[in-house]
Amino acid sequence: MTIPFNRPYLVGRELDYIAQAHTNGQLSGDGAFTRRCHTWLEQRLGVCKALLTQSCTAALEMAAILLDLQPGDEVIMPSFTFVSTANAFVLRGAVPVFVDIRPDTLNIDETLIEQAITPHTRAICVVHYAGVACEMDTIMAIAARHGLKVIEDAAQGILSSYKGRALGSIGDLAALSFHETKNVISGEGGALLINDPALIERAEVIREKGTNRSKFFRGQVDKYTWVDIGSSYLPSELIAAFLAAQLEEAEGITARRLAIWDHYHRWAAPLERNGTLRRPIVPDHCMHNAHMYFLLLRDLEARTHFIEAMMATGIGTVFHYIPLHSSPAGQRYGRAAGPLPHTDATSDRLVRLPLWVGLEDQHDHVMQAAQHILGLA
């Protein structure tokens, strides 16, 4: 592959920080670099508490435990998302209730949420697709009316915002991803963001195998013991050291990605005008982070041809989610709240173009190849 779909970007201090963690004599979790990452996330995003996790999946699993979900409880969410959004709740016995997405932002359609609520509904889990915010004011108002918790799956959303508020800082709980395909990376990794102070102490216990070990290290108890359910959700200090270097350059990384995104957007404008494709839509009150640039092509046949033809030229492009409501496990463990036509159509039509820091020198080649394949050279 001459131009891969993704290439992890190094800021330059990652290996130095990993060596420093070794010199510090602590490679297990919750050392100096973990604390540095927690502080950055709390201050930059404006959340009550941030806790690094091994993945965004782990953060969502912690959120599900914190909600005390019981078998048969329901969580409303989009079907157009990664499996972890649903699986984290299914592991607690909860039922994902899938609603359709908006045709513009591809986020959960907030106008369909209220009619999906039943006496069993306990939470709403929103997904900020491509780092573009869901309509959080409406969603939070619905949750307040019905006594529901809101979880933000902000896996793609670091440094994006909604009406000036950072994604991850609005719901009761949120999850970030630092997977190598995200904007800010640590290979694997994630974070649980807590905006309800009442949940902080239990979150620390769940993350530390169900023990009050965090209290012990703060000197609040003279020994630690098993007090609740939990698992080993914290990452090693090596992961935190790598992430700390990335977070220090997060603003610069975002700026470079936005420049690439904007270049794609200008290039695709005439193709949208003549009906060849549809470009991403970002509402004026949302500031996105250029997590991805996608095109919506005419149909599945056009999308399949485009991906295969781009691959033949050495350029990696990919489709995205297979809807959860149509997957075997989605049908077994969840249910759809009505038809999901926009979810189904989007899954067939969407293609993601390469977008990574360092692509700048090859960016024009990607667009020229795409233009030729779309038959408009």
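These are my notebook entries on a predicted model, taken element by element.

**Entry 1: the eight-stranded sheet**

I began with the sheets. I found 8 strands in an open sheet, ordered S1-S9-S8-S5-S4-S2-S3-S12, with mixed pairing. Its edge strands are S1 (49–53) and S12 (335–336), and each of them pairs on one side only.

I then looked up two of the pairings. S1 and strand S9 (residues 190–194) run antiparallel and are joined by 5 bridges. Ala50 stands opposite Leu193 of S9. Strand S2 (residues 74–78) and S3 run parallel, also with 5 bridges between them. Here I noted Met77, which stands opposite Phe98 in S3. How much of S3 is covered? I found 4 of the 5 residues of S3 (residues 95–99) buried, so I wrote it down as mostly covered.

A reminder to myself for reading these strands: strands of a sheet pair through backbone hydrogen bonds, either parallel or antiparallel.

**Entry 2: the three-stranded sheet**

Next I turned to the other sheet on my list. It is an open sheet of 3 strands in the order S7-S6-S10, with antiparallel pairing. Strands S7 (165–166) and S10 (286–287) are at the edges with a single partner strand each, so one side of each has no neighbour in the sheet. I counted 2 bridges between strand S6 (residues 161–162) and S10. Tyr162 stands opposite Cys286 in S10.

**Entry 3: helix H10**

Just after H10, Gly275 takes a positive phi of about 85°.

Which residues of H10 are buried? Among them are Ile253, Arg257, Ile260, Trp261, Tyr264, His265 and Trp267. I kept the helix rule in mind here: an α-helix has 3.6 residues a turn, so residues three or four places apart point the same way. What do the buried residues of H10 pack against? My list reads helix H2 (32–45), helix H9 (237–248), S11, strand S13 (350–353) and helix H14 (363–373).

**Entry 4: aromatic rings**

I went looking for ring pairs and got a count of 8 aromatic pairs. One of them is Trp261 with Tyr293, an edge-to-face pair at 5.2 Å centre to centre, with 70° between the planes. Trp261 lies in helix H10 (residues 250–273) and Tyr293 in strand S11 (residues 293–296), so this pair ties together parts that are 32 residues apart in sequence. Are these two residues buried or exposed? Trp261 has 6% relative accessibility and counts as buried. Tyr293, at 0%, counts as buried too.

I also noted one aromatic cluster formed by Phe80, Tyr129, Phe294 and Tyr321. Elsewhere on my list, Arg36 lies over the face of Tyr17, 5.3 Å from the ring centre.

Helix H11 (residues 300–312) has 13 residues and reaches 18 Å from first C-alpha to last, close to the 18 Å expected at 1.5 Å a residue. I found Ala302, Arg303, Phe306, Ile307, Ala309 and Met310 buried in H11. These buried residues pack against helix H13 (341–349), S13 and H14.

I followed the chain on to Gly316, in the loop between H11 and helix H12 (328–333). At 7% relative accessibility, Gly316 counts as buried. What does Gly316 touch, leaving out residues up to four places away in sequence? I listed Met1, Ile3, Pro4, Phe5 and Pro354. For Pro354 I also looked up the separation: Gly316 and Pro354 are 38 residues apart in sequence, with 6.7 Å between their C-alpha atoms.

Last, I checked two residues other than glycine with positive phi. Leu106 has a phi near 70°. It lies in the loop between S3 and helix H5 (113–116), and at 2% relative accessibility Leu106 counts as buried. Ala130 has a phi near 60°. I placed Ala130 in the loop between strand S4 (121–127) and helix H6 (136–146). With a relative accessible area of 6%, Ala130 is buried, the cut-off being under 20%.

How values were computed: Residues numbered from 1 in each chain as written. Predicted model: local features only at pLDDT ≥ 70, side-chain atom pairs only at ≥ 80, totals over all residues. Heavy atoms only, no water. Phe/Tyr/Trp six-rings, centres within 6.5 Å; stacked < 30°, edge-to-face > 60°. Buried < 20%, exposed > 50% of the residue type's maximum accessible area, 1.4 Å probe, protein only. Lys NZ or Arg CZ within 6 Å of the ring centre and 35° of its normal. Contact = heavy atoms within 4.5 Å. Pairing = 2+ DSSP bridges. Expected span 1.5 Å × (residues − 1).
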